[in-house]
Amino acid sequence: MKEISPKTTRAELASIVSEALRGHGIDSVLVGGSVVSLYSKGKYVTHDLDFVTAELKRVRAALEPAGFEFVGRLASHVSTDYILDFVAPPLAIGNKPIEKTSLKKNRAGSFRTLTATDCVLDRLASYYFWNDEQALEQAVLVATMQKIDMAEVERWTRAEGTVVGAATRFVDKLKIFRTRLGERP
Amino acid sequence: MVEAIFGNRTAEKVLLFLVKNDQSYAQEIANRVKLSLNLVQRQLKRFEAAGIIAGQVRGRMRFFSLNPRYPFTPELRALLSKALTFLPAKEQAMYDSQRRRPRKSGKPL
């Protein structure tokens with residue numbers, strides 16, 4: 001396993017953690033703000049690395065030998081400022097189960113994470129449900145810097161809004177997102 | 001009522017209270033459903049860790065509600081709402097909302 005140092009990047013750390021977990025037969029997917037950081041090439045900064053895994057009870061035993069120290073579900077390492085958090089499944093964005101993830105490779109190994117489109121949906125979910133303007137900014141940032149499937153964003157917005165009885169509100173917020181992207185409303 | 005599904009009485013009471021009241025904090029839930037604060041806090045923590053509820057900090061309080069981003073929330077809400085209608089009237093009152101609309105300061109409650 002690659003040594004963790006203060007120079008270890010977010011993506012390298014994600015690989016180191018994922019590889020260590022994989023070595024114990026544990027699958028994981030990086031989610032949350034870190035994915036925004038990756039797709040925005042560091043324009044959005046967070047020190048959290050959130051992983052969804054079905055094997056929460058086995059994570060500790062898999063990572064402690066690599067020098068991680070746990071407080072509850074949070075893990076830290078003396079050589080890095082990043083904090084790991086492990087989140088229970090399902091891997092989903094609102095009512096949409098995530099079936100396809102993206103495999104990222106680097107010199108420390110590889111890890112699975114959300115696709116750029118799902119990353120945008122994840123941020124938009126926070127904007128739609130919690131009215132979180134920061135999440136909207138992050139969605140715009142990723143959609144500006146990555147190729148995303150706008151038809152899927154539209155389809156998911158309508159489906160999600162219908163399920164929770166907020167179709168009009170969600171579609172109105174999608175229009176704001178599209179306007180921020182520079183599209184005509 | 002649906003205690004067997006959720007595994008224990010505390011879990012059932014906390015979820016029923018959150019469905020009926022949309023959002024609340026640990027002390028209020030504990031007072032209203034007549035459970036110890038410690039039990040309620042532990043249950044809230046478990047539900048939050050599983051993504052079933054979400055907490056938002058306002059001032060010094062942490063308010064919890066069903067997590068709208070949890071994929072099973074619509075079905076969970078429907079189940080709990082139905083369960084509430086099956087409760088005896090006396091027990092239903094335990095989950096009744098307190099006044100949420102504004103009231104000018106100084107006016108007697």
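Which residues touch the most other members of the largest nonpolar core? I looked this up first. Of the 52 residues in that core, A:V17, A:V120 and A:A139 touch the most other members. A nonpolar core here is a set of buried Ala, Val, Leu, Ile, Met, Phe, Trp, Tyr and Cys residues joined through C-beta atoms within 7 Å. I count a residue as buried if 20 or more other C-beta atoms lie within 10 Å of its own, exposed if 12 or fewer, and partly exposed in between, with C-beta atoms placed from the backbone.

**Ground rules.** This is a predicted model, in which local features need pLDDT of at least 70 and side-chain atom pairs count only at pLDDT 80 or more, while totals for chains, interfaces and linings use all residues. Residues are numbered from 1 along each chain as its sequence is written, and chains are lettered from A and ligands numbered from 1 in the order in which they are written.

I take helices (H or I, at least four residues) and strands (E, at least two) as DSSP runs, numbered from the N terminus. The core draws at least three residues from each of domain 1 (10-114) and domain 2 (117-180) of chain A. The domain bounds come from an automatic or database domain assignment.

I then followed A:V120. Leaving aside neighbours within four places in sequence, A:V120 is in contact with A:A139, A:V142, A:A143, A:I148 and A:V153. Contact means that two C-beta atoms, placed from the backbone, lie within 7 Å. Another core lies apart, of 18 residues, among them B:F6, B:V14, B:L18 and B:I52.

**Helix 4 of chain A.** I found 12 of its 15 residues buried, so helix 4 is largely enclosed by the rest of the structure. Among the buried ones are A:D118, A:V120, A:R123 and A:Y128. They pack against strand 1 (29-31), helix 2, strand 6 (92-93), helix 5, helix 6 (150-163) and helix 7 of chain A. Just after helix 4, A:N131 takes a positive phi of about 60°.

**Helix 5 of chain A.** I checked the length of this helix, residues 133-145. The expected span is 1.5 Å times one less than the number of residues. Its 13 residues should span 18 Å, and the end C-alpha atoms are 19 Å apart, which agrees. A:A135, A:Q138, A:A139, A:V140, A:L141, A:V142 and A:A143 are buried. Their cover includes helix 2 (33-39), helix 4 (116-130) and helix 7 (167-180) of chain A.

**Between the domains.** The centres of domain 1 and domain 2 of chain A, taken over C-alpha atoms, are separated by 24 Å. I see 14 residues of domain 1 in contact with 14 residues of domain 2. Helix 2 gives the most to the domain 1 side, with 3 residues. That side divides into 8 nonpolar, 3 polar and 3 charged residues. Ala, Val, Leu, Ile, Met, Phe, Trp, Tyr, Cys and Pro count as nonpolar, Asp, Glu, Lys and Arg as charged, and the others, Gly among them, as polar.

**Between the chains.** The contact takes 12 residues from chain A and 7 residues from chain B. The chain A side has 9 nonpolar, 2 polar and 1 charged residues.

**Chain B.** I list 6 helices and 2 strands. From the N terminus on, they run α-α-α-α-β-β-α-α. Buried residues make up 24% of the 109 residues.
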